[in-house]
Structure formats: structure tokens, C-alpha cells
Amino acid sequence: FYKRLIFSGCKMRKLEKYLVNSGKALVLNIKTFQQDPRKTRFGSENDVENLKSVLGKLQFDVTVKSDRTKKEVIEDVEQFVAELNATPVGISFVCIMSHGDKDILISHDNFEINPEKDIFEKFSNSKCPQMREKPKIFLIQSCRGENRETMRDDAHPIQPHVIYTSTLRDAIIAYSTVPGFVANRQQDGTWFIKAFC
């Protein structure tokens, strides 16, 4: 893992390496939604198994929680941060899988979760000091709108860019799709998680 990457056109130059000797992971899978069985995310259990397998091979201590209310999601994240502060590790990993829209995720009890405020902010240097200058990886598997992408084989590559924030550093935040578009899921799991694993 590299502590800092500098993008120069399409080239990346490594500056420093992270020393990673142990990792801790939190996987939250919201498969069902209260009072609306039509929203069930069939196949998401396969994503959980794939993530557990890959993270286990990387010797992460993995915690999996399913079908969490908004209150429980926030409590799970806060508990995870407390564990990181109590027993420091070299890297943290958080994956949340659910339905969503542009800037929100949906909880099991059908409330909106704001990833910035309810999740990422909890890992800031002030709230999670033991993870300062250590890599933090966030995967968000959810739709971010209703538009559908047409599959093409002549698409141009996306140019990488860097976003700087004053409170959340050394983090990678990866969404399964761009704002406004759906994320693809099949019976055997989502395209995003299958590609990651």
C-alpha cells in the first residue's frame, strides 16, 4: 500500500509505503427491507461470502452484520471505530451493501443513511486517532440513481483524480457506480463486489 500517490497525467509515482501487519473489516449487508419484500437484494449473500473469503485470506479480522436499521448501522460503525481505537491495526476496511440513491443508502427499516456524515466522518483523525496515517478502505455497493448504463466496448478510460479533505485522510472510497446510475446485481452477486474479489 502506498501512503501517497501523485497523479501526473496517467502516471503515478509512489512516495512512501504503508507498513501493514494486521487488518480489521466490517461488512454490512442490507438484503431485506421492512414492509417491502419486493426490495430484497437477492444474491447479496454471495457478495458477503466472497468478501469474507478474500479478506480472510488477507488475514483480516472480519465482522459481518446483516439487515441493520439506521440506528444499528450507526452503532455498528461507532463500535468498529471504538475497536480500532482500542486495538490498533495496520488497515481498516468497511463495506456497506444496500439500496441507495445519489448521496444516500437505505437501511433495513427504510431510513436514509448519509455515508459522509453517518460513516466516513467517524473515521476522521479526531474521532479515530489510532488509524491516523493508516489506510482506510470503504466500498459502497448501492445504486446512486435510476439511469442505466449501456454496455460498450469502445469506451474511453476515466482519468484519475484526487480529492483532498482535511479530516479523512489515507482513505479510498469506492462506489459501485457513478451518481445518477444503478449498480448491477445478479443472483450470484454484484458486478462491483465480484470484480473486487
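I then followed the pairing of strand 6 with strand 7 (residues 104-106), which is antiparallel and runs over two bridges. For Gly100 I recorded Leu105 in strand 7 as the bridge partner.

I record here that the model is predicted. I checked confidence next: the mean pLDDT of the protein is 81, and 76% of its residues reach 70 or more. Over residues 151-156 I found the pLDDT below 50, and this stretch has one contact in the model beyond near neighbours in sequence. Residues 158-166 also have a pLDDT below 50; for this stretch I found four contacts beyond near neighbours in sequence.

I turned to helix 1 and compared its span with expectation. Helix 1 covers residues 44-57, and because each residue should contribute 1.5 Å, its 14 residues should span 20 Å. I found the end C-alpha atoms 20 Å apart, which agrees.

Which residues of helix 1 are buried? I listed Ser44, Asp47, Val48, Leu51 and Leu55. They cover an arc of only 100° around the axis, so I place them on the same side of helix 1. I also looked up what covers these buried residues: the cover includes strand 3 (23-29), strand 4 (60-66) and strand 5 (91-97). Strand 12 (189-190) and helix 4 (191-196) are also included in that cover.

I then examined backbone angles in the loops on either side of helix 1. As background, I kept in mind that most residues other than glycine have a negative phi. Gln35 is not a glycine, yet I found a positive phi of about 65° for it. I located Gln35 in the loop between strand 3 and helix 1. Is Gln35 buried or exposed? Its relative accessibility is 82%, so I count Gln35 as exposed.

After helix 1 comes Gln59, and I noted that its phi is positive as well, near 65°. I placed Gln59 in the loop between helix 1 and strand 4. With 68% relative accessibility, Gln59 therefore counts as exposed.

How values were computed:
Residues are numbered from 1 along each chain as its sequence is written. This is a predicted model: local features need pLDDT of at least 70, side-chain atom pairs count only at pLDDT 80 or more; totals for chains, interfaces and linings use all residues. Side-chain values use heavy atoms; hydrogens and water are left out. Helices (H or I, at least four residues) and strands (E, at least two) are DSSP runs, numbered from the N terminus. The expected span of a helix is 1.5 Å times one less than its number of residues. Buried means under 20% relative accessible area, exposed over 50%, partly exposed in between (1.4 Å probe, protein chains only). The arc is that of the directions from the helix axis to the C-beta atoms. Contact means heavy atoms within 4.5 Å. pLDDT is the predictor's confidence in each residue, from 0 to 100. Two strands pair if DSSP finds at least two bridges between them.
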